[in-house]
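Colleague: I'm new to reading structures like this one. Could you pick one part, take me slowly through what sits next to what, and then show me how its surroundings are put together?

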Amino acid sequence: MTIEELEQIAKSVQQENAKYDYELNVCMDLACASQGADKLKDALVRAVEQSGKKVLVRRTGCMGPCSHGPLVRVDPEDTLYSKANAAHAEKIVAQLGSEPVAGLQCDLNEHFDSQVRVVLENAGHIDPEKIDDYISRDGYKALLLVLTEMTPNGVIHRITESGLRGRGGGGYPTGLKWGTVAKSHGDLKYVVCNGDEGDPGAFMDRSVMEGDPHRVIEGMAIAAYAVGASKGFIYVRAEYPVAVSRLTTAIREARRRGLLGNNICNTPFSFDVEIRLGAGAFVCGEETALIASIEGRRGTPKPRPPYPAMSGLWGKPTLINNVETYANIAPIVRNGGKWFFNMGSERSKGTKVFALTGKIANTGLVEVPMGIKLREIIERIGGGVPKGHTFKAVQTGGPSGGCIPAEMLDVGVSYDALLKMGSIMGSGGMIVMDDTSCMVNVAKFFIEFCMTESCGKCIPCRAGTAQMHTLLTRICSGTGTMDDLELLEQLCSTVKEASLCGLGQTAPNPVLSTLKYFRHEYIDHILNKRCPAGVCNMESQVEVMA
Amino acid sequence: MSGESDVKTLVIDEQEVSARSGQTILEVARENEIDIPTLCHLDGLSDVGACRLCLVEIKGSNKLLPACVTTVQEGMEISTGTERLRAHRRTILEMLFAERNHICSVCVSNGHCELQTLAQEQGLTHVRLPYRNPELRVDASHERFTIDHNRCILCTRCVRVCAEVEGAHIWDVMGRGIDSIIISDLNQPWGESACTRCGKCVQVCPTGALFDKSKIGSDHPKYPDFLPYLNLMREAK
């Protein structure tokens with residue numbers, strides 16, 4: 001494969017597409033598929049056949065606004081139909097070239113206008129199971145560029161220059177990590193893609209793996225070239241069967257095209273990727289536990305150092321990055337580090353994909369430049385809290401993050417700003433809560449999650465989260481005391497400071513942040529035996545004397 | 001080479017000490033008779049850094065680091081007994097006492113128990129946390145030994161000694177989080193497992209979870225000190 005051949009493929013796809021007057025892109029991501037997107041697609045194909053029009057019906061990955069699904073986008077007009085079903089198919093096809101179908105078109109301009117799509121640039125535009133579709137949108141160009149024109153150091157320099165930081169949550173500078181693995185001695189090195197997305201309410205990585213799997217593979221191949229690795233593993237949770245099947249197809253197609261395997265593009269560089277399935281343990285998203293799991297051992301973390309960059313998979317230097325991090329690599333290589341560096345805030349560069357869920361009008365995936373205000377994400381892009389209710393808090397970073405109250409919505413989103421507010425960036429889940437949510441109950445939910453997902457290795461996390469859960473259950477049932485609250489705060493401190501891995505160290509964050517911003521709700525539960533949001537079932541209601 | 005010294009000098013609790021490069025903070029501290037409490041660590045076994053009792057403070061870092069797996073660096077300034085560390089240690093011990101059913105008065109290890117000794121050393125007079133009182137098994141199917149899960153603190157010393165020293169790997173951990181439990185073979189009764197009956201796990205168990213059936217009452221001291229010697233002799237061949 002050469003650049004010319006790649007361009008030839010891209011050209012032939014474009015020529016093929018040019019034969020059609022219209023494109024009907026049907027979102028087949030999980031949310032749309034569960035509401036009958038596959039039947040809709042079949043009906044569209046039939047309707048096209050009957051009409052005799054030249055229309056390409058294409059299955060695509062996630063388009064973003066999941067709550068409006070099933071979604072169909074008509075190109076080149078860029079008309080978006082929401083909540084479409086098979087019964088609408090004939091009408092949609094009939095109206096091609098004239099006025100859009102009345103009542104079906106949705107206006108989400110405000111939703112899309114403030115977004116900047118880098119990671120998701122192909123999602124909704126390509127068929128994820130066709131490598132040629134990806135190639136037609138500059139796919140694998142970056143890999144070929146790197147292999148034929150750049151030194152490994154040059155690649156690392158470009159990534160460092162971009163200011164990209166790990167998208168898995170920690171925010172470690174990607175270029176620095178690559179540099180460390182590149183410098184580590186070893187005849188064999190590995191690159192690993194962490195696709196063990198387990199936060200409640202987070203589905204960014206799933207959508208990227210399902211909607212644009214080649215981008216992840218291309219990013220890994222570039223990383224492998226830069227650090228000197230020849231073998232890669234994609235660790236995906238088994239709960240993502242579609243992602244697994246799309247990645248499997250993508251790997252097979254890439255091998256067939258000579259973009260994976262021995263002597264890629266007639267260069268000395270060889271690289272291949274294997275998929276490893278996770279068995280649903282949240283802690284396996286932690287890198288040392290993930291390594292143990294790939295090696296076939298019990299998924300428990302190990303103390304660091306030694307870091308995986310020195311001693312990872314089977315003791316070899318290993319580069320571990322998140323799905324979204326790898327998805328950022330190809331565009332950075334193509335457009336240069338400066339291009340990426342110029343997006344975002346001072347110390348957080350580029351864009352970030354967020355999964356908006358909870359009490360918000362437009363749930364789904366959004367990609368925004370770093371530094372954007374939370375208010376803009378929630379009110380403009382997310383469409384705000386549905387009518388009749390008021391915004392209360394947003395939880396970022398899943399169970400490891402914290403909740404951010406209404407008065408702090410004007411802070412720009414960045415790794416450092418979120419940390420300062422007692423939350424974390426995390427992998428990008430954003431759960432919006434309104435006045436019907438009880439913050440004590442929310443804290444209890446997340447602690448329960450951490451308790452059941454704790455691996456049980458270190459005592460503070462294993463027993464501490466269980467004790468915190470007991471105390472929170474007491475408070476939520478109206479039997480808690482002020483002493484319990486004090487004890488809870490002490491437990492938070494020990495679990496946070498003494499736990500072995502990130503899971504335990506961040507587990508108290510939901511409790512600490514709700515205590516910081518909504519302490520009055522805890523007090524109400526304890527002293528007045530009252531749940532302000534009316535969520536908790538109080539065992540002993542205080543009789544109100546008339 | 002650059003003539004870089006293999007010997008490091010550092011300060012532990014305001015005492016200047018020297019160490020070989022590659023030694024852990026715990027090793028150096030104990031050589032100099034500075035006491036750092038441990039439970040999962042045992043001389044002669046690999047370290048897992050799980051009990052978190054040996055956490056120490058290092059000047060310049062806000063993070064607490066486990067002394068058993070952190071290697072010494074030149075010029076380190078380490079504190080092993082600050083009030084912050086002592087408070088965490090007491091809370092961790094409390095968590096252990098409240099996690100299962102540790103009733104010293106009816107335990108074979110009463111008076112010889114590392115958990116009990118540590119609690120006394122750390123000034124733990126009472127447990128503020130609610131006791132969880134789980135209902136756990138006692139497996140007495142083995143002809144010589146018994147495992148009482150109620151007294152287990154999941155330090156995994158038994159798992160490691162069986163895998164690393166005896167080479168049998170009878171023990172392992174099943175389940176996750178608060179439901180973790182030590183199992184023999186694939187969760188079969190100990191007596192039906194491939195156990196070699198060497199008894200090393202009983203000797204290294206810090207509490208009364210593993211005990212010898214022939215011992216009566218609380219007359220059951222344990223002798224884990226054979227391990228470093230055994231390792232030494234093996235390495236010497």
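Modeller: Let's begin with a definition: two residues are in contact if their C-beta atoms, placed from the backbone, lie within 7 Å. Keep in mind that this is a predicted model.

My pick is a pair of helices. Two packed helices are described by the angle between their axes and the distance between the axes. Helix 19 of chain A covers residues 459-476, and helix 20 of chain A covers residues 482-498. Their axes come within 10 Å and cross at roughly 155 degrees. Angles over 145 degrees count as roughly antiparallel, so helix 19 of chain A is roughly antiparallel to helix 20 of chain A. The crossing of helix 19 of chain A with helix 20 of chain A is left-handed.

So who touches whom? From helix 19 of chain A come A:Pro460, A:Cys461, A:Gly464, A:Thr465, A:Gln467, A:Met468, A:Leu471, A:Arg474 and A:Ile475. They meet A:Asp484, A:Leu487, A:Leu488, A:Leu491, A:Thr494, A:Val495 and A:Ala498 of helix 20 of chain A. Sort the residues of this contact between helix 19 and helix 20 of chain A by class and you get 10 nonpolar, four polar and two charged.

Now step back along chain A to strand 13, residues 429-434. Five of its six residues are buried, so strand 13 of chain A is largely enclosed by the rest of the structure. Strand 9 (residues 351-358) of chain A runs parallel to strand 13 of chain A, and four bridges join them. In that pairing, A:Ala355 stands opposite A:Gly429 of strand 13. Strand 11 of chain A runs antiparallel to strand 13 of chain A, with five bridges between them. Here A:Gln395 has A:Ile431 of strand 13 as its bridge partner.

Strand 11 of chain A also pairs with strand 12 (residues 402-405) of chain A: these two run antiparallel and are joined by four bridges. A:Ala393 stands opposite A:Pro405 of strand 12. Strand 11 and strand 12 of chain A make a hairpin with five residues between the strands, and in it A:Gly397 takes a positive phi near 80 degrees.

Is A:Lys387 buried or exposed? A:Lys387 is exposed, because its count is 6 other C-beta atoms within 10 Å, and 12 or fewer counts as exposed. The C-alpha atom of A:Lys387 is separated by 43 Å from that of A:Ile320, and the two residues are 67 apart along the chain.

For comparison, look at another helix pair. Helix 8 (residues 152-162) and helix 9 (residues 174-183) of chain A pack at an angle of about 155 degrees, with their axes 7 Å apart. That makes helix 8 of chain A roughly antiparallel to helix 9 of chain A, and helix 8 passes helix 9 of chain A in a left-handed crossing. Among the residues making this contact are A:Ile156 and A:Ile159 of helix 8 and A:Leu176 and A:Trp178 of helix 9 of chain A. The contact of helix 8 with helix 9 of chain A has six nonpolar, four polar and no charged residues.

Four strands of chain A form an open sheet in the order 2-1-3-4, with mixed pairing. Strand 2 (55-60) and strand 4 (79-81) of chain A stand at the edges with a single partner strand each, so one side of each has no neighbour in the sheet. The twist from one strand to the next averages 20 degrees in this sheet. Strand 1 (residues 22-27) of chain A runs parallel to strand 2 of chain A, joined by six bridges, and A:Tyr22 stands opposite A:Val55 of strand 2.

Methods: Residues numbered from 1 in each chain as written. Chains lettered and ligands numbered in written order. Predicted model: local features only at pLDDT ≥ 70, side-chain atom pairs only at ≥ 80, totals over all residues. Axes fitted to C-alpha atoms, helices over the stretch in contact; angles between N-to-C directions. Parallel < 35°, antiparallel > 145°, perpendicular 65-115°, else oblique. Left-handed = near helix turned anticlockwise from the far one by under 90°. Nonpolar A, V, L, I, M, F, W, Y, C, P; charged D, E, K, R; others polar. Pairing = 2+ DSSP bridges. Buried ≥ 20, exposed ≤ 12 C-beta atoms within 10 Å, placed from the backbone.
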